Amino acid sequence: MRVALLELLQTGPAAEPADETTVRRWKRRVLRTFTNRAVNPVVRPLVERGALDPGWALLETTGRSSGRPRRVPVGNGLRGDVFWIVTEHGYHADYVRNIQAHPRVRVKVGGRWRAGSAHLLPEEDPYARLRALRRPVNDAVLLAVGTQQLVIRVDLDRPGPGAQD
């Protein structure tokens with residue numbers, strides 16, 4: 001029983017070998033369903049309206065099949081003109097698959113939308129990135145529920161003169 005519990009909490013970087021445990025697959029399936037059906041529908045509109053603390057942001061990708069905008073709440077990783085994301089489920093996250101198909105994204109931080117180009121960085125250490133971002137609550141939850149972390153860097157476009165939100 002104790003071994004199964006430890007396996008349930010196990011996470012790993014996206015660059016690690018693909019020898020996935022049944023427990024990890026089960027954990028991802030359950031938590032993704034819960035997040036997509038219960039958490040995101042509540043959190044997304046609150047972030048859109050600015051009703052949550054500044055630790056949240058919205059990532060907008062283009063659906064890889066539908067071509068429609070897809071918005072997902074993420075931890076605020078804005079550092080200068082770069083927005084950092086560390087995923088919970090690596091390449092299994094829908095927004096990661098969307099980025100692979102269409103790397104142009106938008107990020108809403110502090111009530112303002114900014115466009116940019118997203119880059120998957122499987123070689124980057126996600127734990128070092130989390131330490132650099134210094135978001136203890138967000139990162140503790142990410143590590144507890146995550147199954148495979150992957151670092152994404154979004155190089156944000158510089159706003160032009162007279163840019164609108």
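This is a predicted model: local features need pLDDT of at least 70, side-chain atom pairs count only at pLDDT 80 or more; totals for chains, interfaces and linings use all residues.
Local features need pLDDT of at least 70, side-chain atom pairs count only at pLDDT 80 or more, and totals for chains, interfaces and linings use all residues. Residues are numbered from 1 along each chain as its sequence is written, and side-chain values use heavy atoms, with hydrogens and water left out.

**Overall fold**

The protein has five helices and seven strands. These are DSSP runs, numbered from the N terminus: helices are H or I of at least four residues, strands E of at least two. Their order along the sequence is α-α-β-β-β-β-α-β-β-α-α-β.

The protein has 165 residues, and 35% of them count as buried. Buried means under 20% relative accessible area, exposed over 50%, and partly exposed in between, with a 1.4 Å probe and protein chains only.

**Helix α4**

Helix α4 spans residues 126–133. Its buried residues are P126, R129, L130 and L133. They sit on the same side of α4, because they cover an arc of only 100° around the axis. The arc is taken from the directions from the helix axis to the C-beta atoms. Their cover includes β3 (78–79), β4 (82–86), α5 (136–145) and β7 (151–156).

D125 caps the N-terminal end of α4. One of its side-chain oxygens lies 3.0 Å from the backbone nitrogen of Y127. R134 follows α4 and has a positive phi, near 55°.

**Charges over rings**

R129, one of the buried residues of α4, also lies over the face of W84. R106 is placed over the face of W113. A charge sits over a ring if NZ of Lys or CZ of Arg is within 6 Å of the ring centre and within 35 degrees of the ring normal.

| Charged residue | Ring | Distance from ring centre |
|---|---|---|
| R106 | W113 | 4.1 Å |
| R129 | W84 | 3.6 Å |

**A loop residue**

L52 is in the loop between α2 (22–49) and β1 (56–62). L52 is partly exposed, with a relative accessible area of 30%. Leaving aside residues up to four places away in sequence, L52 touches V43, L46 and V47.

Terms used:
Contact means heavy atoms within 4.5 Å. A polar contact is a pair of N or O atoms within 3.5 Å; within protein, one must be able to donate a hydrogen and the other to accept it, and residues adjacent in sequence count only if both atoms are side-chain atoms.
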